[in-house]
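Hi,

Here is the structure I said I would pass on. Have a look at it first, then read my notes below.

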Amino acid sequence: MLKRSKFETTQSQIMYRSEELISAASNRYRITVQVANRAKRRRYEDFDNPSEDVMMKPVLRAIIEMSDELTQPEIIGEL
């Protein structure tokens with residue numbers, strides 16, 4: 001019996017969340033740049049705060065955060 005690895009499950013979730021972000025965006029290029037900028041910010045924050053989860057790459061973390069903000073608007077609140 002084969003077990004699915006934890007990364008494999010996470011990988012499929014990342015793909016699903018990425019598709020959600022792209023389909024909800026009006027401009028693919030703009031959402032791609034936003035994910036890249038957030039990942040870049042998170043990367044520099046990780047250097048300042050090494051106690052957090054270092055195993056997850058900044059791009060993956062940015063995709064997860066942005067898709068959570070998309071599906072759960074109460075996270076970011078009113079602007």
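**What I found around Ser-67**

Let's start with Ser-67, which touches Arg-17, Glu-20 and Leu-21, leaving aside residues up to four places away in sequence (contact means heavy atoms within 4.5 Å). Before going on: this is a predicted model, where local features need pLDDT of at least 70 and side-chain atom pairs count only at pLDDT 80 or more, while totals for chains, interfaces and linings use all residues. Residues are numbered from 1 along each chain as its sequence is written, and side-chain values use heavy atoms, with hydrogens and water left out.

Ser-67 sits in helix H3 (helices are DSSP runs of H or I, at least four residues, numbered from the N terminus). Is Ser-67 buried or exposed? It counts as buried because its relative accessibility is 2% (buried is under 20% relative accessible area, exposed over 50%, partly exposed in between, with a 1.4 Å probe and protein chains only). Its side chain also reaches the backbone oxygen of Ile-64 at 3.0 Å.

Now for the salt bridges (a side-chain nitrogen of Lys or Arg within 4 Å of a carboxyl oxygen of Asp or Glu). Arg-38 and Glu-69 form one at 3.0 Å, N to O. Arg-38 lies in helix H2 and Glu-69 in helix H3, so this pair ties together parts 31 residues apart in sequence. Glu-65 pairs with Arg-38 at 3.5 Å and with Arg-42 at 3.6 Å. Together, Arg-38, Arg-42, Glu-65 and Glu-69 make up a network of salt bridges.

Cheers

Methods:
Helix = DSSP H or I, 4+ residues; strand = E, 2+ residues; numbered from the N terminus. Polar contact = N/O pair within 3.5 Å; in protein donor to acceptor, adjacent residues only side chain to side chain.
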